[in-house]
Amino acid sequence: MPLFRRCYPLVLLVFALLGTTGAARAQDAPEDRAALEKQIFEVLSRSHWVAEGPANPDRVVYTFTDMKCPYCTRQWRDMRPLLDDPDNRTQVRHVIVAVLRPGSYPEGAAVLAADDPAAALAKGQEQGLAPLDPVPEAVGRKLRENNALMREFGIRGTPATIFRDPNGKLQFAPGVLQPETLRKLVFQISRSAS
């Protein structure tokens, strides 16, 4: 089974950003595609995310994460040995969304409002996180903006991961990525994580 089985090229995201004609042009002109890929990463960098991994990475990966999503938890756990690998040069940025259940909103807000969002994310994935109640308007706005970005990209479920493959092409992977796909394509670690 090929590693790319669950990964899709940038064109799906381009459809969401520019519509069909923009996507067709992006496929025809490599410089247009490169500009669109750069724009997508710029938009993602301005979203509200929680970082894990090196502070000065070689690669940045974005994954839309809902705190009530069991598949997000599975992928988060599968990333642990890769994030801890001494050869890791990839930073994962969790774009926190609240789309699955009513509890997604106050738990996502608790992560984004935490003094240490990465620790709050870990606590939520490992054992559950106390929901934030009430949710301050500024934190709620961050979640709503992330939800809107997810819709604009045409993403329908979580986790959804956006990354550059070993050839430098932007990829979109809906759903849980298998550990080998994470290691080879997303983290680009050539040997098995210890």
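## Strand β2 and its partner

Four bridges join β2 (residues 49-52) to β4, and the two strands run antiparallel, where strands are DSSP runs of E of at least two residues and helices are DSSP runs of H or I of at least four, numbered from the N terminus, and where strands count as paired if DSSP finds at least two bridges between them. Trp49 has Val95 of β4 as its bridge partner. The model is predicted, with local features needing pLDDT of at least 70, side-chain atom pairs counting only at pLDDT 80 or more, and totals for chains, interfaces and linings using all residues. Residues are numbered from 1 along each chain as its sequence is written, and side-chain values use heavy atoms, leaving out hydrogens and water.

In a regular strand the side chains alternate between the two faces of the sheet.

## Overall architecture

The protein chain has eight helices and six strands, which follow one another along the sequence in the pattern β-α-α-α-β-β-α-β-α-α-α-β-β-α. Of the 194 residues in the protein chain, 47% are buried. Among contacts between residues at least 6 apart in sequence, 73% join residues at least 24 apart, a contact being heavy atoms within 4.5 Å.

## Strand β3 and its neighbours

Strand β3 (residues 59-66) is largely enclosed by the rest of the structure, because seven of its eight residues are buried. It pairs with β4 in the parallel sense over eight bridges, and within this pairing Val61 stands opposite Val92. β3 also pairs with β5 (residues 160-164), in the antiparallel sense and over three bridges, with Ala160 of β5 as the bridge partner of Phe64.

Together, β3, α4 and β4 make a right-handed β-α-β unit, a crossover being right-handed if, with the strands pointing away from the viewer, the path from the first strand over the helix to the second runs clockwise.

## Helices α4 and α6

Helix α6 spans residues 117-126, and its residues Ala120, Leu121, Ala122, Gly124 and Gln125 are buried. These buried residues pack against β2, β3, α4, β4 and α5. After α6 comes Gly128, with a positive phi near 100 degrees.

The axes of α4 and α6 lie 10 Å apart and the helices pack at an angle of about 115 degrees, with axes taken as lines fitted to C-alpha atoms, for helices over the stretch in contact, and angles running from 0 to 180 degrees between N-to-C directions. α4 passes α6 in a left-handed crossing, meaning that the near helix is turned anticlockwise from the far one by less than a right angle, whereas clockwise would be right-handed. In this packing, Cys72, Thr73, Trp76 and Arg77 of α4 meet Leu121, Ala122, Gln125 and Glu126 of α6.

The structure holds zero disulfides, a disulfide being a pair of cysteine sulfur atoms within 2.5 Å. Cys69 counts as buried, at 2% relative accessibility, and Cys72 is buried with a relative accessible area of 4%.

Arg191 lies in the segment after α8 (179-186) and is partly exposed, with a relative accessible area of 34%. Not counting residues up to four places away in sequence, Arg191 touches Asp85, Pro86, Asp87 and Arg183. From Arg191 to Asp87 the separation is 104 residues in sequence and 9.2 Å in space, C-alpha to C-alpha.

Notes: Buried means under 20% relative accessible area, exposed over 50%, partly exposed in between (1.4 Å probe, protein chains only).
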